[in-house]
Amino acid sequence: MENFEQRQHSERAILVSVSVQLLDDLDAEEFRLLAQSAGAEILEHVSVQRQKPDPKFFIGSGKVEEIAELVRALDAELVIFDHSLSPAQERNLEKVLKCRVIDRTGLILDIFALRARTHEGKLQVELAQLKHLSTRLIRGFTGNLEQQKGGIGLRGPGESQLETDRRLIRVRITQLKDKLIKVQQTRLQGRAARQKAAIPTISLVGYTNAGKSTLFNILAKSDVYAADQLFATLDPTLRRLEWDGIGTVVLADTVGFVRNLQHDLVESFKATLEETLEATLLLHVVDSSSPNMPEQIEAVESVLKEIGADAPILHVYNKIDLSGDTAKITYKAPELPDRVYLSAHSGQGLDLLGQAVQQCLMGQLQQFDLVLKPAYGKLRTQLYTLNVIQSEHYDDEGDLHLSVCIAPHKLEQLIKQAHLPLDEIVGAKSFLFHRVLEEFESKQE
């Protein structure tokens with residue numbers, strides 16, 4: 001079995017980008033960033049045009065010989081392809097190139113191994129690596145694993161080293177799946193407690209390097225690692241916070257997505273993405289300065305569809321300090337925000353994000369002037385927790401006059417939870433609020 005520990009030095013690598021007419025073209029710059037994120041020292045970047053993949057080498061035999069010459073001339077240790085290769089294609093290429101060959105999936109797995117920090121993250125990385133390795137045990141460059149074990153006490157029919165490795169991998173995969181099930185059960189218990197307490201979960205999703213972790217750190221006043229690199233964070237991070245105008249929420253940061261992410265990788269990281277599946281609201285963070293923004297949005301939506309995420313989505317167009325956009329909210333319906341333009345780095349538009357999230361979770365905000373009796377302090381406390389009180393003063397009779405900005409149905413919910421008689425909360429000047437009161441009273445009758 002291969003060693004999954006992180007390498008202590010940069011490997012001298014040649015990158016091979018293949019533009020295949022029958023397949024989606026990939027982003028060459030993103031490929032270079034992926035290789036650099038894995039710690040590769042890029043010696044050469046070869047571009048290849050193909051009408052369709054070659055069954056034996058994926059690329060033509062002439063191009064393989066050309067790359068083999070580069071490997072010898074530059075003393076390369078590794079050749080990385082920006083497409084998924086079959087096990088047979090990897091073996092054939094290694095025999096000719098006389099060095100290790102990995103594909104896009106192997107490269108992403110290597111980065112995941114570098115980034116994983118938590119117990120759960122490491123389990124998921126190892127599971128994904130073993131699934132990928134299980135079809136690639138016979139390698140053209142790393143030796144023949146079909147040799148029989150020999151020596152005193154080991155003679156006889158025995159079993160090939162290859163079959164031993166396969167059996168050990170199957171056992172380890174089963175163990176990892178069992179451990180991840182236990183992690184999943186722990187997450188379910190925490191999620192059930194939050195749901196019982198009616199605490200909404202807001203999950204940040206988006207293409208890798210879109211600025212999710214930077215935004216997460218600002219909102220949660222946290223210190224999650226954030227850097228201008230692909231897959232800077234891998235492990236899911238949850239923080240409980242008090243968001244002005246909204247109240248208590250759980251904010252979840254998830255692994256960044258990338259184009260052409262293999263189904264097996266998505267499957268292996270479903271436990272990480274469960275917070276996305278169960279979220280009350282998804283904040284899809286978009287790098288508005290990226291020239292590949294439409295393709296990146298499509299890649300994220302494709303993964304969300306694959307994992308079955310169906311929560312409402314608010315698009316957060318980040319990095320407007322680089323794109324030149326202005327901070328604003330756009331709506332797809334009068335009361336339903338669709339996009340928020342902001343910069344997590346400079347802080348532009350962060351107040352608009354709070355307003356948009358408020359509207360997504362609660363509906364359209366309204367201005368209400370309430371008069372509360374002295375005994376109604378619980379309702380005042382709840383309104384202060386949400387930070388929706390704009391002004392207040394007491395009259396001569398000791399009644400509290402409040403000016404609040406809140407969604408009508410949220411105010412109705414708070415009054416119900418405080419077990420207060422609606423007809424005694426006087427001073428509401430909004431026609432809409434009177435209508436809410438009338439609807440509620442008709443239900444009581």
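This talk walks through one predicted protein model, from its confidence to its sheets, its cores and its salt bridges.

Before the details, a word on conventions. Residues are numbered from 1 along each chain as its sequence is written, and side-chain values use heavy atoms, with hydrogens and water left out. Since we are looking at a predicted model, local features need pLDDT of at least 70 and side-chain atom pairs count only at pLDDT 80 or more, while totals for chains, interfaces and linings use all residues.

Let me start with confidence. The predictor's own confidence in each residue, pLDDT, runs from 0 to 100, and for the protein chain its mean is 77, with 73% of the residues reaching 70 or more. Where is confidence lowest, and where is it highest? The lowest mean, 52, belongs to helix α15 (residues 431-444), and the highest, 95, to β9; helices here are DSSP runs of H or I with at least four residues, strands are runs of E with at least two, and both are numbered from the N terminus.

Turning to the sheets, I begin with an open sheet of 4 strands in the order β2-β1-β3-β4, with parallel pairing, where two strands pair if DSSP finds at least two bridges between them. Its edge strands are β2 (41-50) and β4, each of which pairs on one side only, and neighbouring strands are turned by 20° against each other on average, direction ignored; for such angles, axes are lines fitted to C-alpha atoms, for helices over the stretch in contact, and values run from 0 to 180 degrees between N-to-C directions. Within this sheet, strand β1 (residues 12-20) runs parallel to β3 and is joined to it by 4 bridges, with Ala 13 standing opposite Leu 78 in β3.

Across β3 and β4 lies helix α3, which runs at about 145° to β4. In α3 (residues 87-97) the buried residues are Gln 89, Glu 90, Asn 92, Leu 93, Glu 94 and Leu 97, where buried means under 20% relative accessible area, exposed means over 50%, and partly exposed is in between, with a 1.4 Å probe and protein chains only. Those buried residues pack against α2, β3 (78-81) and β4 (100-102), and just after the helix Lys 98 takes a positive phi of about 60°.

The other sheet I want to show is an open one of 7 strands, ordered β6-β7-β5-β8-β9-β11-β10, with mixed pairing.

Now the interior. A nonpolar core is a set of buried Ala, Val, Leu, Ile, Met, Phe, Trp, Tyr and Cys residues joined through side-chain atoms within 4.5 Å. The largest core has 44 residues, and among the members that touch the most others are Trp 243, Leu 283 and Leu 353. Helix α12 (residues 350-362) gives the most to this core, with 5 residues, while a second, separate core of 29 residues includes Ala 35, Ile 102, Phe 112 and Val 258.

Finally, the charged pairs. With a salt bridge taken as a side-chain nitrogen of Lys or Arg within 4 Å of a carboxyl oxygen of Asp or Glu, the count comes to 10. Helix α2 (residues 61-74) holds Lys 63 and Glu 66, 3 residues apart, about one turn of the helix, and their closest N and O atoms are 3.4 Å apart. In α2 there are also Glu 69 and Arg 72, again 3 residues apart, whose closest N and O atoms lie at 2.6 Å; Glu 69 is partly exposed at 47% relative accessibility, whereas Arg 72, at 52%, is exposed. Arg 339 bridges to Asp 338 at 3.7 Å, and there Asp 338 is buried at 17% while Arg 339 is partly exposed at 32%. I close with Glu 30, Asp 82 and Arg 104, which are linked in a network of salt bridges.

Technical notes: Contact means heavy atoms within 4.5 Å.
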